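Grab a viewer and a pencil.

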Amino acid sequence: MPGTVLISGASVAGPALAHWLHRYGFSVTVVERAPALRTGGYKVDIRGAAVEVADRMGILEDIQRASTDMRNGAYVKDDGTRVATLPAAIFGARTGRDDEIMRGDLARILYERTRADVEYVFGDSIASLTPTADGSGVEVTFERGAPRRFDLVVGADGLHSTVRRLVFGPEEQFLRHLGTYLSAFSMPNELGLDREELYYAEPGRLVCAYSSAGDPAAKGLLAFRSPRLSYDHRDRAQQLALLETAFDGAGWRTARMLEAARSAPDLYFDGLHLVEMDRWSRGRVVLLGDAAHCASPASGQGTGMALVGAYVLAGELAAAGGAPEAAFARYEEEMRGYVAVNHEFARKFAREMTVDSRWGIRLRHLMLRMLPHMPWKNAVAKKIAEDVQRGARAITLKDYGRPVAATAVRTPHAA
């Protein structure tokens with residue numbers, strides 16, 4: 001090694017890995033199904049070990065400049081009356097250098113940092129993966145481009161990973177539904193929100209509207225309890241139909257938010273799922289981020305785990321000295337405990353995201369309304385932060401040595 005690496009997916013995990021691999025001397029190609037960089041999405045947290053990785057990457061200041069800078073969060077009644085307001089630090093359970101950024105802004109930062117050194121191919125996707133006869137690489141065919149050979153292939157293509165399906169089989173055997181569906185989308189800031197988020201709860205349903213620093217628009221978030229649903233995750237019409245059925249008759253501003261969802265250019269809709277696999281690699285193909293171990297948005301750790309996983313995988317590949325199978329094994333050894341802690345946190349929070357009864361909602365409102373006036377409020381905030389930080393810091397990062405700038409020449413891709 002170094003050699004040629006194909007990464008499927010240009011969200012967070014893929015470009016983060018490309019950054020490290022290039023610095024270790026690998027020649028990297030990133031293929032992305034979308035025709036351009038995806039800039040939508042919801043706000044994501046950078047906590048604990050992920051902060052340290054971002055610092056080592058040299059992007060921490062970029063993240064801080066693009067921070068959502070949220071000020072507070074509040075629960076509201078059906079008429080919009082605020083029941084309880086709390087500082088954003090309590091809602092986000094952030095400490096120290098922890099921060100929050102829009103997923104699209106983080107994707108843009110990573111792309112801008114790597115685009116000059118990494119080959120990006122948009123509007124294409126992997127169609128097949130075949131080990132070479134001598135086992136030294138992978139023959140790859142694409143939906144649009146000409147076939148190519150790579151030394152390694154990385155699936156960083158998310159919850160519904162194409163690479164995982166091609167190498168390990170249908171996703172149904174790996175996805176564990178957590179009982180909730182979530183949608184996020186851009187919408188007009190009709191409430192005049194300024195770096196704040198409002199929550200409205202009904203039995204089995206949660207509605208949220210928020211705005212972040214520097215964005216004149218707002219974001220909507222709708223979550224509802226449901227057994228696993230059958231639908232095409234790429235069919236927008238089916239997603240909207242499910243969303244409208246789930247929130248039929250819901251109060252507050254839900255009808256306006258559903259209207260915004262219909263025309264939103266960045267609609268996201270999916271179930272809260274964990275991905276659980278016995279192994280993340282086979283031959284010269286390995287999975288990264290959500291494709292390997294999705295902890296769902298309920299964990300608040302998916303983006304951080306992607307950044308950390310990219311750092312660990314690249315470091316182990318660089319240290320392996322030409323033995324990718326050994327590198328993949330060490331990558332898993334380093335990451336498994338970290339993933340397990342955050343999976344457990346996701347299971348817990350997914351159960352708490354929505355409340356099943358009006359009595360339970362009233363009780364939550366009462367507790368939140370009383371909290372700012374209680375002498376033990378700081379202890380409660382500290383306990384919440386400690387629980388979240390336990391997952392964020394559940395890995396000790398190795399020092400893989402000083403990376404060197406890559407010298408490999410990229411091979412153009414025939415689109």
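What follows is a handful of tasks on confidence, sheets, helices and single residues.

**Before you start**

This is a predicted model, where local features need pLDDT of at least 70, side-chain atom pairs count only at pLDDT 80 or more, and totals for chains, interfaces and linings use all residues. Residues are numbered from 1 along each chain as its sequence is written, and side-chain values use heavy atoms, with hydrogens and water left out.

**Exercise 1. Find the stretch where pLDDT stays under 50.**

Step 1: start with the overall picture. The protein chain has a mean pLDDT (the predictor's confidence in each residue, from 0 to 100) of 92, and 94% of its residues reach 70 or more.

Step 2: go to residues 405-415, where pLDDT stays under 50. The model has 31 contacts (heavy atoms within 4.5 Å) beyond four places in sequence for this stretch.

Step 3: Where pLDDT is low, the predicted coordinates should not be read in detail.

**Exercise 2. Work out the strand order of the six-stranded open sheet and pick out its edges.**

Step 1: Helices (H or I, at least four residues) and strands (E, at least two) are DSSP runs, numbered from the N terminus, and two strands pair if DSSP finds at least two bridges between them.

Step 2: read off the order, which is E7-E2-E1-E11-E18-E17, with mixed pairing. Strand E7 (119-122) and strand E17 (281-282) each have a single partner strand, so one side of each is left without a neighbour in the sheet.

Step 3: check the pairings around E2. Strand E2 (residues 27-32) runs parallel to E7, with four bridges, and E1 and E2 are also parallel, joined by five bridges. Thr29 is a handy landmark: it stands opposite Glu119 in E7 and is the bridge partner of Leu6.

Step 4: Helix H1 (residues 13-23) lies across strand E1 (4-8), E2, E7 and strand E11 (152-155). H1 runs at about 165° to E1, with axes being lines fitted to C-alpha atoms, for helices over the stretch in contact, and angles running from 0 to 180 degrees between N-to-C directions.

**Exercise 3. Is Glu119 buried or exposed, and which side chain does it contact?**

Step 1: Glu119 sits in strand E7 and counts as buried at 8% relative accessibility.

Step 2: Glu119 and Thr29 are 90 residues apart in sequence, but 4.6 Å apart in space, C-alpha to C-alpha.

Step 3: the Glu119 side chain makes a polar contact with the side chain of Arg148 (3.3 Å). Such a contact is a pair of N or O atoms within 3.5 Å; within protein, one must be able to donate a hydrogen and the other to accept it, and residues adjacent in sequence count only if both atoms are side-chain atoms.

**Exercise 4. Describe the surroundings of His160.**

Step 1: His160 is in the loop between E11 and helix H6 (162-168), and is buried at 17% relative accessibility.

Step 2: leaving out residues up to four places away in sequence, His160 touches Glu171, Leu175, His233 and Asp270. With Asp270, there is a side-chain polar contact of 2.7 Å.

Note on methods:
Buried means under 20% relative accessible area, exposed over 50%, partly exposed in between (1.4 Å probe, protein chains only).
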